[in-house]
Amino acid sequence: MKLNEYIQIRRKELGLTQKDVADALNYTVQAISKYEKGLSSLSSSSLAPMAKVLKVDVDSLLRCESKKENDFAEVQTFSPTLFAKNFKYLRESKKLTQKEVANLLKIPYQSVFNWEKEKSVPKTPALIGIMELFDASAASLMFSSIKEEKRKEQYLRS
């Protein structure tokens, strides 16, 4: 199932109209309609608010599953700075250049460069590709320091 289909199905499961979702996100009904038709992609910064409205966490949203109904997204705020640090850390830990990552994700090199310089953030399809490439969750990429998590894991093992 594609994300746009999931958003529509989940919205209907919850008994919400497109207007309900649009009002909750401070978007237009047309924007929600475009998301649901697959004509537009959610930005990374829109994922947590959309997950909150659909009552799932961000990873469940991106994986198009409703297993984890919760309010996780309610307390999380997307940080472009944190995303940039996490993305760069993962890229460097795999010993990949920005150009190699761009090729693997089939996107322009400039996009990868801009993400690391905090000039832009990935759209949802690219974020899903990043999650798959680095075997990382959306929550870890967007809401916590991966480098710090790895340090804590290593400390606990020693």
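**Salt bridges**

I searched the whole structure for salt bridges, taken as a side-chain nitrogen of Lys or Arg within 4 Å of a carboxyl oxygen of Asp or Glu, and the search returned 6 of them. The model is predicted, so I note that local features need pLDDT of at least 70 and side-chain atom pairs count only at pLDDT 80 or more, while totals for chains, interfaces and linings use all residues. Residues are numbered from 1 along each chain as its sequence is written, and side-chain values use heavy atoms, with hydrogens and water left out.

I looked at arginine 10 and glutamate 13, whose closest N and O atoms are 3.0 Å apart in a salt bridge. Both sit in helix H1, 3 residues apart, which means about one helical turn lies between them; I take helices (H or I, at least four residues) and strands (E, at least two) as DSSP runs, numbered from the N terminus. For accessibility I use relative accessible area with a 1.4 Å probe and protein chains only, calling a residue buried under 20%, exposed over 50% and partly exposed in between. Arginine 10 is buried at 3%, whereas glutamate 13 is exposed at 51%.

Next I checked arginine 11, which forms a salt bridge with glutamate 36 at 2.5 Å between the closest N and O atoms. This pair links distant parts of the chain, with arginine 11 in helix H1 and glutamate 36 in helix H3, 25 residues apart. Arginine 11 is buried, with a relative accessible area of 7%, and glutamate 36 is buried as well, at 5%.

**H1 against H3**

I then compared the axes of H1 and H3, which are lines fitted to C-alpha atoms over the stretch in contact, with angles from 0 to 180 degrees between N-to-C directions. These axes come within 6 Å and cross at roughly 120°. The pair is therefore oblique, since angles under 35 degrees count as roughly parallel, over 145 as roughly antiparallel, 65 to 115 as roughly perpendicular and the rest as oblique. In contacts (heavy atoms within 4.5 Å), Asn4, Ile7, Gln8 and Arg11 of H1 meet Tyr35, Glu36 and Lys37 of H3. By class, I record 2 nonpolar, 2 polar and 3 charged residues there, with Ala, Val, Leu, Ile, Met, Phe, Trp, Tyr, Cys and Pro counted as nonpolar, Asp, Glu, Lys and Arg as charged, and the others, Gly among them, as polar.

**Valine 29**

I located valine 29 in helix H3 and found it partly exposed, with a relative accessible area of 34%. Leaving out residues up to four places away in sequence, valine 29 touches Gln18, Lys19 and Ala22.

**Helix H4**

Finally I examined helix H4, residues 44-54, where 8 of the 11 residues are buried. Among the buried residues I list Leu47, Met50, Val53 and Leu54. The buried residues of H4 pack against several helices, including H1 (3-13), H2 (18-25), H3 (29-37) and H9 (124-134). After H4 comes lysine 55, for which I note a positive phi, near 60°.
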